[in-house]
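Here are my notes for you to read alongside the model. Keep the 3D view open and follow the points in order.

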Amino acid sequence: MHFLGCIPNIKHRTILTTCYAAGLRITEAVHLKPIAIDRQRMVIRVEQGKGGKDRYVMLSPKLLQVLSAYWWEVRPKEWLFPGDIAGQPITRHSVEMACQAAWRRSGLSKPVTPHSLRHAFAVHLLESGADLRTIQLLLGHSSLNTTARYLRIATSTVCATNGSAAATFHRRQI
């Protein structure tokens, strides 16, 4: 992804890559601890996500590679993405500012935010054939309706899919 290549700082690039590759909310990403990365099961444990819920999200081999390279260079202790204040994680604001700076460097016309990276994760899953229930679980949504509304931008992809479920989904979204 061109955008992520425009982030010179390894910590900022890695946290934004994690938001994109695992579909994390920015608050979930900043509160990750190194112990949350489960190499054996290839999952990331998100503790106390929105609504105080814990969940697991997928850890792709490529994201594991990125996180491993980051870990070997930075050697984080308590927080996977430590902040400037000892014992504290990086702030949401720092990540948002890094994202804005990368967007300006990228030359992309459409703005990019940490939330739009999460959205891209969900849309890419839908486009690759994942069902809404799986996407709901990965995103940590309580309601399937939230996931369906969240993904309405991808209805053209769903409409191109054969089958009654896709047609039903499309009718509800218009």
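1. Start with the hairpin: β1 and β2 make it, with 4 residues between them. In that turn, M42 has a positive phi of about 60°. The names count from the N terminus, strands being DSSP runs (E) of at least two residues and helices DSSP runs (H or I) of at least four. Residues are numbered from 1 along each chain as its sequence is written. Bear in mind that this is a predicted model, where local features need pLDDT of at least 70, side-chain atom pairs count only at pLDDT 80 or more, and totals for chains, interfaces and linings use all residues, while side-chain values use heavy atoms, with hydrogens and water left out.

2. Now look at the pairing (two strands pair if DSSP finds at least two bridges between them). Strand β1, residues 37-38, runs antiparallel to β2 and is joined to it by 2 bridges. Across from D38 you'll find V43 of β2. β2 also pairs with β3 (residues 55-58), again antiparallel, over 4 bridges. There, R45 sits opposite Y56 of β3.

3. Zoom out a bit. The chain has 9 helices and 3 strands, and the order from the N terminus is α-α-β-β-β-α-α-α-α-α-α-α. Of its 174 residues, 44% are buried, meaning under 20% relative accessible area with a 1.4 Å probe, counting protein chains only.

4. What sits in the largest nonpolar core? It has 32 residues, and F3, I15, L16, I44 and F81 have the most contacts inside it. Such a core is a set of buried Ala, Val, Leu, Ile, Met, Phe, Trp, Tyr and Cys residues joined through side-chain atoms within 4.5 Å. α1 (10-22), α2 (26-30), β2 (43-46), α3 (61-74) and α4 (92-106) each give two or more residues to this core. The largest share, 6 residues, is from α1.

5. Apart from the core of point 4 lies another, of 9 residues, among them F121, L125, I135 and L138.

6. Finally, how confident is the predictor? pLDDT, its confidence in each residue from 0 to 100, averages 82 for the chain, and 81% of the residues score at least 70. Over residues 157-174, though, pLDDT is below 50, and this stretch has 14 contacts beyond near neighbours in sequence.

How values were computed: Buried < 20%, exposed > 50% of the residue type's maximum accessible area, 1.4 Å probe, protein only. pLDDT = per-residue confidence, 0-100. Contact = heavy atoms within 4.5 Å.
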